[in-house]
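Please look at the sequence and the structure on the screen, and I shall then take you through the pockets and one of the sheets.

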Amino acid sequence: MTGRIRVGILGATGTVGQRFVQLLQGHPQFVVTALAASDRSVGKSFGEACTWRLPGDMPREVRNIPVRPPEPPLDCDVIFSSVPTEIGREVEGCFAEAGYPVVTNTSSYRMDAGVPLVIPEVNPEHLALLDRRKGKGFIVTNPNCSSIGIALALAPLDRPFGIEAAVVTTLQAISGAGYPGVAAMDITDNVIPYIGSEEEKIERETRKILGSVRDGSIEPAPMAVSAQVHRVNVQDGHMAAVRVKLRRKATLAELRAALATFSGVPQALKLHTAPERPVLVRDEPDRPQPRLDRDAGAGMSVTVGRLLPDAVLDYRFVVLSHNTIRGAAGTAILNAELLVAKGYIKEGSR
């Protein structure tokens with residue numbers, strides 16, 4: 001026993017996989033003991049297989065871990081996954097069937113009826129779906145990188161006032177496309193008004209996240225969500241311009257207070273990765289901005305600004321989130337911390 005829960009990372013050499021490695025360095029509950037990636041990396045040490053793309057050096061403690069194929073068995077208690085969508089369903093399903101808890105950033109299982117799609121501050125009660133599972137293995141997913149920031153901003157408003165409709169326009173960073181991502185000649189001096197399946201993901205996932213548990217599945221939130229997405233020449237930080245129609249009247253001051261005071265189960269439990277304030281509200285007319293605000297709360301807080309009455313719907317605002325931290329690896333790790341707190345993941349469970 002290590003005193004910490006052993007973690008295996010699937011897709012470890014990729015953009016989100018590297019974020020997992022970085023964020024888990026020195027974690028009080030988790031220790032990385034297994035790394036898996038594609039065939040071209042298998043058999044090499046992680047230091048040899050991975051070209052480190054994040055600021056700072058690759059953590060020393062993972063450099064000599066041998067890279068394994070993404071298939072069971074792996075020497076770990078829990079799986080964190082960031083494998084490509086096209087193989088996610090088969091790979092993650094195999095690990096769950098073999099008895100591993102799988103906490104994934106991949107989209108393959110997000111809309112499955114029995115799989116929780118969780119942002120810990122927003123819908124921790126959706127973990128109740130796991131109580132109907134057969135066997136020890138299970139899958140918990142975190143949402144699309146833009147959906148996370150959007151839902152974190154909508155949830156504080158939906159609870160007291162009800163949201164009838166939300167119209168969302170995103171400006172998404174190039175790191176969201178992975179590495180090497182969008183070709184320089186395509187994105188320089190340009191905005192690309194298309195990201196494959198992204199609009200549908202935001203529209204579907206937001207309603208599932210804000211929905212309710214009913215008879216062992218999720219009843220989607222009774223709101224209309226319309227999304228239009230764009231890839232922009234920013235390294236990190238997804239921005240969304242959001243307009244909302246409310247079911248109950250509210251003043252601007254009431255909306256601001258609901259956002260600024262929003263907190264959740266991770267804050268109450270003082271989970272390691274939880275920011276003190278999941279939603280920050282800025283009153284300056286030119287905030288949030290990616291360079292200035294994406295690292296708020298160590299990348300785990302979303303920043304809301306430009307909160308104003310809207311001439312078509314009721315109110316509008318801009319929300320910014322760090323797409324590879326809060327929008328990916330950070331939320332998956334926070335989900336795992338919540339699963340530990342709720343007793344779903346334990347040291348030595350395998």
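A pocket here is an open set of grid points, where a 1.4 Å probe fits, with protein on both sides within 12 Å along at least five of seven lines. Please keep in mind that this is a predicted model.

With that term in hand, I begin with the second largest pocket, whose volume is about 300 Å³. Its lining consists of 16 residues, and those nearest its centre are T15, R53, S175, Y179 and Q235. Sorted by class, this lining holds 6 nonpolar, 7 polar and 3 charged residues.

How much space lies in the largest pocket? The figure is about 1,200 Å³. This pocket is lined by 47 residues, and T15, S82, V83, P84 and G178 are the closest to its centre. Two or more lining residues come from each of α1 (15-24), α3 (85-97), α6 (198-209) and α10 (325-341). Among these, α1 gives the largest share, with 4 residues. The classes in the lining are 15 nonpolar, 24 polar and 8 charged.

I turn now to the sheet. Strands of a sheet pair through backbone hydrogen bonds, in either a parallel or an antiparallel manner. Here, 6 strands form an open sheet of mixed pairing, in the order β10-β7-β11-β14-β13-β12. At its edges, β10 (224-228) and β12 (279-281) each pair on one side only. From one strand to the next, the twist averages 25°.

Within this sheet, β13 (302-309) and β14 (315-321) run antiparallel and are joined by 5 bridges; P309 has Y315 of β14 as its bridge partner. Finally, helix α4 (145-161) lies across β7, β11, β12, β13 and β14, and runs at about 155° to β7.

Note on methods. Residues are numbered from 1 along each chain as its sequence is written. This is a predicted model: local features need pLDDT of at least 70, side-chain atom pairs count only at pLDDT 80 or more; totals for chains, interfaces and linings use all residues. Side-chain values use heavy atoms; hydrogens and water are left out. On a 1 Å grid over the protein atoms alone, a cavity is a set of points where a 1.4 Å probe fits but cannot get out, and a pocket is an open set with protein on both sides within 12 Å along at least five of seven lines; lining residues have an atom within 4 Å of a point. Grid points are joined across faces, edges and corners, and a volume is the space filled by probe spheres set on the points. Ala, Val, Leu, Ile, Met, Phe, Trp, Tyr, Cys and Pro count as nonpolar, Asp, Glu, Lys and Arg as charged, and the others, Gly among them, as polar. Two strands pair if DSSP finds at least two bridges between them. Axes are lines fitted to C-alpha atoms, for helices over the stretch in contact, and angles run from 0 to 180 degrees between N-to-C directions. Contact means heavy atoms within 4.5 Å.
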